[in-house]
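Hello,

Here is the structure I promised to pass on. My notes follow below it.

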Amino acid sequence: MDFAALGLTLRLASLTTLCLLLLATPLAAWIASGHTLSRRIVQAIAALPLVLPPTVLGFYLLVGLGPATALGRALIILSGHPLAFTFWGLLIGSMIYSLPFALQPLIVAFASVDRPTLEVAQVLGASPWTIFRRITLPLSRMSFLTAAVLTFAHTVGEFGVVLMVGGDIPGVTRTLSISIFDQVQELQYSAANRTSAALVALAFIALLFVYGLGRKRPQLV
Amino acid sequence: MASAERGPSLSSPTPHHHFAADLRTGPLHLQAAFDLSAPWTVLFGPSGSGKSTVLRALSGLFQKASVDFARMSPSGWIAIQGKHHTTPPQKRNLAYAPQGSSLFPHLTVLRNISFATDITRKPSPRTIHEILTLFDLDSLAPRMPRDLSGGERQRVNLARAFAVPEPTLFLLDEPFSGVDRAMRDTLLPRMQQHIAQLGVPVLSVTHDVEEALLLNADVIRIEQGSVKDQGPAARVLAEERAAMLTVLL
């Protein structure tokens with residue numbers, strides 16, 4: 001078992017989950033708050049990682065994070081070095097790759113909060129922010145857990161984007177899935193088997209948790 | 001002032017609120033205007049006539065529609081919604097009990113009722129416990145809305161409106177819908193007494209003739225989005241009252 005890769009994977013997945021929930025919450029709230037064309041366009045763009053091959057996403061990220069683009073140059077100035085083949089580059093790549101998994105459950109949850117309930121809260125004196133904090137967020141807490149578990153599990157399992165953006169640097173960008181690939185390349189099948197079995201168990205526990213949440217979901221009035 | 005036509009003449013010479021609207025929502029074209037001058041006014045009319053739409057418009061839930069809504073203060077009329085100015089719903093200080101209760105499903109009865117005081121941090125005109133007692137809800141305070149019957153939910157809905165701090169107008173949409181007759185007869189005098197003490201006017205919606213007559217209120221008859229009549233319940237609802245008595249006798 002490659003414990004350096006395990007530690008790196010868990011660190012990457014935790015940070016990706018945290019950053020994505022912070023980013024996806026306001027984005028999902030905005031998308032769920034209306035039916036305009038601009039919202040549908042943003043929703044479609046945010047869902048692209050679901051259908052694009054990870055290598056395509058990884059390729060554009062590699063180019064985007066480099067000195068060829070304005071964003072890449074800005075990031076280089078901010079961080080002092082190119083982000084490709086670094087942990088932070090990997091984090092940005094993971095966030096984009098897992099965005100739909102954080103965003104989709106939150107959009108569904110926010111959109112399903114009963115509109116008359118929100119309206120009465122407003123007439124009773126609640127500002128839009130108070131309504132979001134006191135009504136929408138508590139009613140969506142199960143979806144936050146679902147989004148967090150799915151994002152975490154999806155980040156743990158990513159391969160193509162990681163390889164394209166991060167390469168295979170031990171302790172820096174070599175995650176568990178890359179480690180398995182290396183072990184197979186080196187014909188270390190039993191080591192690959194142990195790591196793979198650990199990932200299967202992790203994915204199964206994550207899914208069991210999500211489906212368990214679904215069963216416990218309280219009845220909404 | 002109003003884009004829609006003015007309503008019929010008033011039963012009292014000193015109006016405290018003025019409302020006029022010209023808006024379309026679904027198949028309904030609400031084109032109504034009236035002044036409120038009685039302590040308790042009832043909007044009366046059949047289902048789909050636009051009664052609830054009036055309450056929603058007063059609440060500010062149609063921000064972009066053509067609505068004129070103003071309140072009389074000692075210094076004169078204060079515009080709440082009009083061509084050049086619209087106060088958002090949360091700043092109108094309305095004690096609103098919507099149709100269908102719409103309780104907050106994740107909050108207990110007590111937290112539902114104290115919602116307005118919790119968010120505005122203003123004291124309620126009466127303590128929350130007095131409001132619970134007013135609506136016979138003491139024993140239900142720790143319960144969740146999903147564990148209540150329809151009538152109990154409606155009482156919580158009313159109590160939540162009555163706990164709004166410093167309201168300027170009560171808006172009660174079908175206040176006794178789902179509440180049994182005995183409970184209604186118990187609650188009504190208590191509510192009237194409470195409202196009289198506060199000195200805050202009420203606009204309620206009903207299609208129940210008996211309820212409108214019991215309240216002895218000013219009645220605005222509304223049909224197909226237009227005001228057809230306004231005046232004391234005994235006059236405006238004379239026909240319905242006679243029909244009801246015929247059935248009883």
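Predicted model: local features only at pLDDT ≥ 70, side-chain atom pairs only at ≥ 80, totals over all residues.

Chain B first. Among its contacts with a separation of 6 or more, 70% join residues 24 or more positions apart. The chain carries 9 helices and 10 strands. Its radius of gyration is 18 Å, close to the 18 Å that the globule rule gives for 249 residues, so chain B is as compact as a globular protein of that length. Along the principal axes, its C-alpha atoms fill a box of roughly 55 × 50 × 35 Å. Buried residues make up 46% of the 249 in chain B.

Next, the contact between the chains. Chain A gives 19 residues to it and chain B gives 20 residues. On the chain A side, helix H6 (115-123) and helix H7 (128-139) each supply at least two residues. H6(A) has the largest share of that side, with 6 residues. By class, the side of chain A that touches chain B holds 10 nonpolar, 6 polar and 3 charged residues.

Last, helix H2 of chain A, residues 37-51. Its length checks out: at 1.5 Å a residue, 15 residues should span 21 Å, and the end C-alpha atoms are 21 Å apart. H2(A) does bend, by about 25° at A:Ile45. A proline, A:Pro49, follows within four residues of that point. How many of the 15 residues of H2(A) are buried? The number is 1, so H2(A) lies largely in the open.

Best wishes

Note on methods: Residues numbered from 1 in each chain as written. Chains lettered and ligands numbered in written order. Contact = placed C-beta atoms within 7 Å. Nonpolar A, V, L, I, M, F, W, Y, C, P; charged D, E, K, R; others polar. Expected span 1.5 Å × (residues − 1). Bend = angle between axes of the 7 residues up to and from the residue. Buried ≥ 20, exposed ≤ 12 C-beta atoms within 10 Å, placed from the backbone. Rg over C-alpha atoms; globule rule 2.2 N^0.38 Å.
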